[in-house]
There are 2 protein chains.
Amino acid sequence: MDSADLRWWGWGLLGRSEPLDGRPLLGATLRAWLELPAEAFEQELTPVDLEQIDLRPSRLDDPMLTSLRKTLGDGAVRADAAARVTHSYGKSYGDLVRLRAGCVPRPPDAVVTPVDEGQVVALLAWCAERDVAVVPFGGGTGLEGGLQVPEGENPGVVLDLSRLDRLLSLDVTSRTATVQAGARGAELEGALNEKGYTLGQLPQSSEFSSVGGWIATGAAGHGTPGHLSVEAKTEALRVVTPIGMVDAERTVSGGGRAGLLGLLFGSEGAFGVIAEAVLAVRPLPQESDVRALAFAGLEDGLAALRELMQSERLDPTVAALWDGAAVAAWEASLPARAGAGRLADGLVARRRERGGYPAESERVLLLLGFEGDSGAVAAQWREALAVCGRHKSTTLGNGVARAWERERYSWPYLRDTLVGRGVMVDAVGASADWSALPAVRDALVDALRGAVRTGKGGPGFVHTWFTHSGPQGSGVYATFFGRRATEDVEASVAQWQAVRDAGLEAVLEAGGRLCLGCGAGCSRSRWLERQADPTGLKALRALKAALDPTGVMNPGVLPA
Amino acid sequence: MDSADLRWWGWGLLGRSEPLDGRPLLGATLRAWLELPAEAFEQELTPVDLEQIDLRPSRLDDPMLTSLRKTLGDGAVRADAAARVTHSYGKSYGDLVRLRAGCVPRPPDAVVTPVDEGQVVALLAWCAERDVAVVPFGGGTGLEGGLQVPEGENPGVVLDLSRLDRLLSLDVTSRTATVQAGARGAELEGALNEKGYTLGQLPQSSEFSSVGGWIATGAAGHGTPGHLSVEAKTEALRVVTPIGMVDAERTVSGGGRAGLLGLLFGSEGAFGVIAEAVLAVRPLPQESDVRALAFAGLEDGLAALRELMQSERLDPTVAALWDGAAVAAWEASLPARAGAGRLADGLVARRRERGGYPAESERVLLLLGFEGDSGAVAAQWREALAVCGRHKSTTLGNGVARAWERERYSWPYLRDTLVGRGVMVDAVGASADWSALPAVRDALVDALRGAVRTGKGGPGFVHTWFTHSGPQGSGVYATFFGRRATEDVEASVAQWQAVRDAGLEAVLEAGGRLCLGCGAGCSRSRWLERQADPTGLKALRALKAALDPTGVMNPGVLPA
């Protein structure tokens, strides 16, 4: 993928966008829900031109750049404005607000794109000697501020892993694939599919996000049950640290080669650069059958989801429960086009008739999928329908599910459209055991709604969904929408941060856990401090000091 | 359990032993296989009397002991000979050889048995201030030398966790049990069963071994598939370190509360004392059906085991494959008693007719079990039998499996009997992915046999079994038997160590991994050094230095 084809100020490919035109309900519904002023919403604000951005000069002077190019080869080092701007941020709401306005106060001083592990080793040595910060960059889709060069005097380079993207080997006996960490999700899945295998890891970002990025951020895809997370699928990692290579392996019993494997999930590059991963794969299933079921309310839906995840007869490959507000938001966002599925079209029509803010009693929706040979899929569906039936489900068939599968990659594009029309939108994630889950969800919703209002974001709209579930608990995610309160860039970022903070605080107070890794990005690093016990954090800092004695690895993602 | 009821020089309860008398084939078979001299084998050597052991005086002088008693209460501190001897070792072959001879050069200087977490905290503070080593002791069944006070000048105390043994709570909604880490396996399982739940973790040691011990040693039970290991069942751990508490949690996604959870499996107390664990439990199944199947040879058996573990339709709760030699050894060991099951009796009779060393072409045996409601169990068995049938299996029904279930806890007692008759016996474990597994197993067997011979242990007898299997690979364990070459205690220990070392070396050379944790006991700590990359080890040492700045936590288990 050529980075010239990518939208530097937003999501994805330049050639694709998701305007409001094709989605008849979305604009009107959001305007009503969020009380958006017509003037702000009517016309999408155009981002500044890249050329207009007033970029501070690279703090790597010519002799430094020459030395870097000598070390890594000319082709691997760029210091032009385009490279620096496109590697300045991830894709959080705050990142988008700043980028669109051309506000790039901390661009990397160079962008380095190694072609092999040896170049990564050489780069880290070069940087460690010169106190130059290294920010690893996979697909650039991070949402937690982990892709920014830190504040301060020292220069920083972005280490773009996009050329370390090969599927190195596939062991069909052991069902493992060895891949370079820069491999992008969709491309890797395609390469595996050609050989008859699947990783089955398709987050919304997967066209762009990378294996190393998933691991470094502890990410998981919407609808993925916990036991199919990338963490569960990682058999071994090869990590370049400033003091040498770490090979961390899972072993069948006994805690891993050196016990370090678990520390790397969510580590955001604080300890080193994930260069290679051995991942569990499985043969392409004969059949994959995702369907949607409706429940009368959240209580029923959660009870069914829990029972499904605790059943020893079931092994779903997709499981996600949406609350009533999430169903309403999704229905409102659907395009009016042929082939959207009769059921989905029906939902759109019904929503159009009713309009307005969805009631809490709104029916909730469960997306559930099984895969395997057709006999196994049918047997699991029989059992699953029996479980759901006990909780008064209505089967919607797979029309809705097909619409979901078709639409799931549109959302990040659509978000760009909304951000351009003065909508503040983001999501926060948490997890809890099943006992605490309902209270954590309610607290999260209340806190986010309250904070949107307090921050002059209007009435706000918050919806939640449950995914990454397992027998002991589940993830819960909340998306919040509000009005952008001001045209000022930093004030808008602060407005958004305040809402997120309120949500995260509420999660901890209600006995939930934040979905954080060791590093968890700069925007969450102080939350790591809140959540982690101080003793554990001391241990992590000692570990970092040992692996990265000069502190050049993505400074700031592990709280100091 | 009162420690006065336990056999200080060997395994288990004083009131129970496993003499050779009731096992008509065992003596003759072993004499033949190992070329044991009749005079050594005829009569079991009696261990010395505990009173005769010449124990060095406690290096904690009276003021120190008084201070310790003041800190923890009189009842929690013992320095008498019985307490010190019974807490001097684990239960490895080397430990048994030394104990039976009354060779206890490094007894603990005191044994501390706290009744609550506060006392553990107080003890660690007391020890850290005075450079007194702390050796955590769960059930005392460890096999890797992790329970010994280190050499050197500094005093050392054993921290016996047996009174921290309560089931604190059971959350039936989230299916988790919160337990104190000193809880012994069988007792805990009984307490859970009473409430209708099971942990399903029953290693051969489970009458005595503790939850904390399983975690600290990275142990797993014979026949347990990898995804049912104690590691997979641990949701959270609470650990007392010399600088404070660490709460390490698994989260649904995002790498754990502080990412430290994975480091604690196999850590052997190097970082702190595991005080509490939150474990996943499940409702007692309606049915549990374990059966044995025979295959014509190891290749067929391994192919079937792999296919079973890779099948997405199957979720076995028991899976262990024994090679031909393991089947022969097991058959030779069976007691001749009524109710042993017709099939098992038949095997014994056939073995009696044949005798002699089993051929490599000997048929192999798979123990396989499923549990759940009867419909699910039946469906899984149908599928499993189809898989095994493709590899030319013969179904032995559940007579053999019942004999296995009845006999599995006898082995450690029987080992005592053999050790008393001049038999060297132990096992080493490894893991490998499915591709490398056959070569790792063969290399392990060859190396152990060769080393028994070289060490003047006679022709030796080695058998292997495969357990802790998963979709990507399996554990492989080898038991070796030989003649004890000398009456000298330390020379006998060296003979045994040399055989183990040869086995472990062969595993690494063949591309396998040793089943080691972070600490992995003193007897394996130098192997950790071999296996772990030096960079990873540096990181672990830094972590230890942060959590245990004075280095009092079980010194020696993490290589310095």
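At what angle do the axes of helix α10 and helix α13 of chain B cross? The answer is roughly 145°, with the axes coming within 9 Å. Keep in mind that this is a predicted model.

## Two helices packed in chain B

Helix α10(B) covers residues 298-310, and helix α13(B) covers residues 374-390. Their crossing is right-handed. On the α10(B) side, the contact is made by Ala304(B), Glu307(B) and Leu308(B), and α13(B) answers with Ala384(B), Val387(B) and Cys388(B). Sort those residues by class and you get 5 nonpolar, no polar and 1 charged.

## A buried strand in chain B

Now for strand β10(B), residues 273-280. All 8 of its 8 residues are buried, so the strand is largely enclosed by the rest of the structure. It pairs with β6(B), residues 176-180, in the antiparallel sense over 5 bridges. In that pairing, Ala177(B) has Leu279(B) as its bridge partner.

β8(B) also pairs with β10(B), again antiparallel, this time over 6 bridges. Here Leu237(B) stands opposite Ala277(B).

## A buried loop residue

Leu60(B) sits in the loop between α2 (38-42) and α3 (62-72) of chain B. Is Leu60(B) buried or exposed? Leu60(B) is buried, because 21 other C-beta atoms lie within 10 Å, and the cut-off for calling a residue buried is 20 or more.

Setting aside neighbours within four places in sequence, the contacts of Leu60(B) are Leu65(B), Leu68(B), Ala79(B), Asp109(B), Ala110(B) and Pro155(B). Asn154(B) is 94 residues away from Leu60(B) along the chain, yet the C-alpha atoms of the two are separated by 9.6 Å.

## The open sheet of chain A

Over in chain A, 8 strands form an open sheet, in the order β15-β12-β14-β13-β17-β18-β16-β19, with antiparallel pairing. At the edges stand β15 (394-397) and β19 (513-514), each with a single partner strand, so one side of each has no neighbour in the sheet. Within the sheet, β17(A) (residues 461-467) and β18(A) (residues 473-483) pair over 7 bridges, and Thr464(A) stands opposite Ala478(A).

Which helices lie across β16, β17 and β18 of chain A? One is α1(A), residues 26-34, which runs at about 85° to β18(A). Another is α16(A), residues 437-454, which runs at about 15° to β18(A).

## Two domains of chain A

The domain assignment of chain A gives domain 1 (47-160) and domain 2 (167-283). Their C-alpha centres lie 24 Å apart. Where the two touch, domain 1 puts in 15 residues and domain 2 puts in 16 residues.

On the domain 1 side, α6 (117-130) and β3 (133-137) of chain A are the elements giving two or more residues. α6(A) gives the most, with 5 residues. By class, that side has 7 nonpolar, 6 polar and 2 charged residues.

## Where the chains meet

Definitions and conventions
Residues are numbered from 1 along each chain as its sequence is written. Chains are lettered from A and ligands numbered from 1 in the order in which they are written. This is a predicted model: local features need pLDDT of at least 70, side-chain atom pairs count only at pLDDT 80 or more; totals for chains, interfaces and linings use all residues. Domain bounds come from an automatic or database domain assignment. Two residues are in contact if their C-beta atoms, placed from the backbone, lie within 7 Å. Helices (H or I, at least four residues) and strands (E, at least two) are DSSP runs, numbered from the N terminus. Ala, Val, Leu, Ile, Met, Phe, Trp, Tyr, Cys and Pro count as nonpolar, Asp, Glu, Lys and Arg as charged, and the others, Gly among them, as polar. Axes are lines fitted to C-alpha atoms, for helices over the stretch in contact, and angles run from 0 to 180 degrees between N-to-C directions. A crossing is left-handed if the near helix is turned anticlockwise from the far one by less than a right angle, and right-handed if clockwise. A residue is buried if 20 or more other C-beta atoms lie within 10 Å of its own, exposed if 12 or fewer, and partly exposed in between; C-beta atoms are placed from the backbone. Two strands pair if DSSP finds at least two bridges between them.
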